[in-house]
Amino acid sequence: MPSRAKNTPYLVSIKTLGPAKTPSPLPYCRFVSDEQKVRVRLSPEELEDAKDGDAVFEAAGPRSHIYFDSAKVKAAIVTCGGLCPGINDVIRAIVMEAHHNYNLAAILGIRFGLQGFIPGYGHEVVELTPQNVSDIHQFGGTMLGSSRGPQPPEDIVDALERLNIGVLFIIGGDGTMKAAMRISEEVEKRGTKIAIIGIPKTIDNDINLVTSSFGFDTAVEKAAEAIRCAHTEALGVLNGIGLVKVMGRESGFIAAQSTLALKEVNYVLVPEDPFQLHGEHGLLPALEKRLSDRHHAVIVVAEGAGQHLLAQTAQTDASGNPVLADITGLLTDEIGRYLGERGIPHTLKNIDPSYIIRSVPANANDRVYCGFLGQFAVHAAMAGKTGMVVSKLYGRYVHLPLELVTRRRKKLNLSTDYWRAVLESTGQFSVSPMHEDSDLRCDM
């Protein structure tokens, strides 16, 4: 993002393949021009600046003139990384928009992530039509399959050229968007006219400048169901403890939001807040007091919380992420040891709904959101936009450059009213006091 003079907003530009000269084939529409901008006030870290300021983004939506001769262009869709509610909804929305409104020559589905571009894996390409995607939104997962791990951008662009693809839609998380940026750079280096459009997907809700990623609403809804069950289990016995583990490698958004959705949580543990087990602000003394007062407790923990308390390995997964140590195993052992030493009888139920949460179909709100993302992605591609993602930013759909969304991972800001509301809901101020001097500045 370019530097700016004082009080001058950032102007965020989007790359294009060339001038859009062909009248849009859309039969009815309220067109959006490139001059139509969305102005948003962002935090210093989002701007990478010394102070808060405004940024001006290109509004998403159909253009009156498009770059491609849509009836002669082929598109491809690929899904990468972990599962998330709503992937099939996005695929369906792209196919329906591209076929019915732009009459694309063909839409191809790349099987099993970026591996599908590499001949050595032997994955067949599938043609996507309104008929074979008509009901996929009723199911979780991705009809195309997925995979993790990098593939050479040169090989991917080779495959795009062999398939005569004019537009590539890439659905995935932070690592996938970084791969999309490298693919876009390789396309630009070759001077090839291929539009690269990302649709950000992460159940952790941790992509920079994406206010809420698709599937997050569904994930919170399902996590809240697990928390309700944990609360019921905890109430059923003397000194019952319900321990619920949810997704969240580096960001605790699901844990925080599901805690707010269901007011039965007493402690929420997130990666951004390095809690302690013992001492003045220790979880275990606070839990002991809670059981003495109320005889039950519910703890929600994000999978990446408490890693500072565990022995770390140098292992990484296929996406290059550090392999997380088992926080729930540590908590189960430490709680049992601490209460046992004090002669406090208890029953702990450990509930891990993580893979159920990410595998279910999207709920109604996420389905609507996915529909908009798919449609806006097609509009952007047809207008010749490239090296970008389509996203909802504080209620407005905008075009964001890949360079910007991959700059950092979004995290909970422990100094905001949002986190204060979480602490007020749980009452865990003794364990997680407000962080007035926190360095984290990204709001929910």
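This is a predicted model: local features need pLDDT of at least 70, side-chain atom pairs count only at pLDDT 80 or more; totals for chains, interfaces and linings use all residues.

Me: What is the strand order in the open sheet?

Reply: Helices (H or I, at least four residues) and strands (E, at least two) are DSSP runs, numbered from the N terminus. Two strands pair if DSSP finds at least two bridges between them. Here four strands form an open sheet in the order β13-β14-β12-β15, with parallel pairing. Because β13 (267-269) and β15 (347-351) each have a single partner strand, they stand at the edges, and one side of each lacks a neighbour in the sheet. From one strand to the next, the twist averages 15°.

Me: How many bridges join β13 to β14?

Reply: Three bridges join β13 to β14 (residues 296-302). Y267 has I299 in β14 as its bridge partner.

Me: Which strands does helix α9 lie across?

Reply: Angles run from 0 to 180 degrees between N-to-C directions, and axes are lines fitted to C-alpha atoms, for helices over the stretch in contact (heavy atoms within 4.5 Å). Helix α9 (residues 327-341) lies across β12, β13, β14 and β15, at about 165° to β12. Helix α8 (residues 283-294) lies across β12 (240-246), β13 and β14, at about 150° to β14.

Me: How many residues does the largest nonpolar core have?

Reply: In soluble globular proteins, nonpolar side chains tend to be buried together. A nonpolar core is a set of buried (under 20% relative accessible area, 1.4 Å probe, protein chains only) Ala, Val, Leu, Ile, Met, Phe, Trp, Tyr and Cys residues joined through side-chain atoms within 4.5 Å. The largest has 115 residues, and F57, I77 and M382 are among those with the most contacts inside it. Helix α11 (residues 364-382) gives the most to this core, with nine residues. Another core, of 25 residues, lies apart from it and includes F275 and L291.

Me: Is S251 buried or exposed?

Reply: S251 counts as buried, because its relative accessibility is 1%. S251 is in the loop between β12 and α7 (253-261). A polar atom of the S251 side chain lies 2.5 Å from the backbone oxygen of K410.

Me: At what angle do α4 and α5 pack?

Reply: Helix α4 (residues 153-162) and helix α5 (residues 174-190) pack at about 65°, with their axes 9 Å apart.

Notes
Residues are numbered from 1 along each chain as its sequence is written. Side-chain values use heavy atoms; hydrogens and water are left out. Buried means under 20% relative accessible area, exposed over 50%, partly exposed in between (1.4 Å probe, protein chains only). A polar contact is a pair of N or O atoms within 3.5 Å; within protein, one must be able to donate a hydrogen and the other to accept it, and residues adjacent in sequence count only if both atoms are side-chain atoms.
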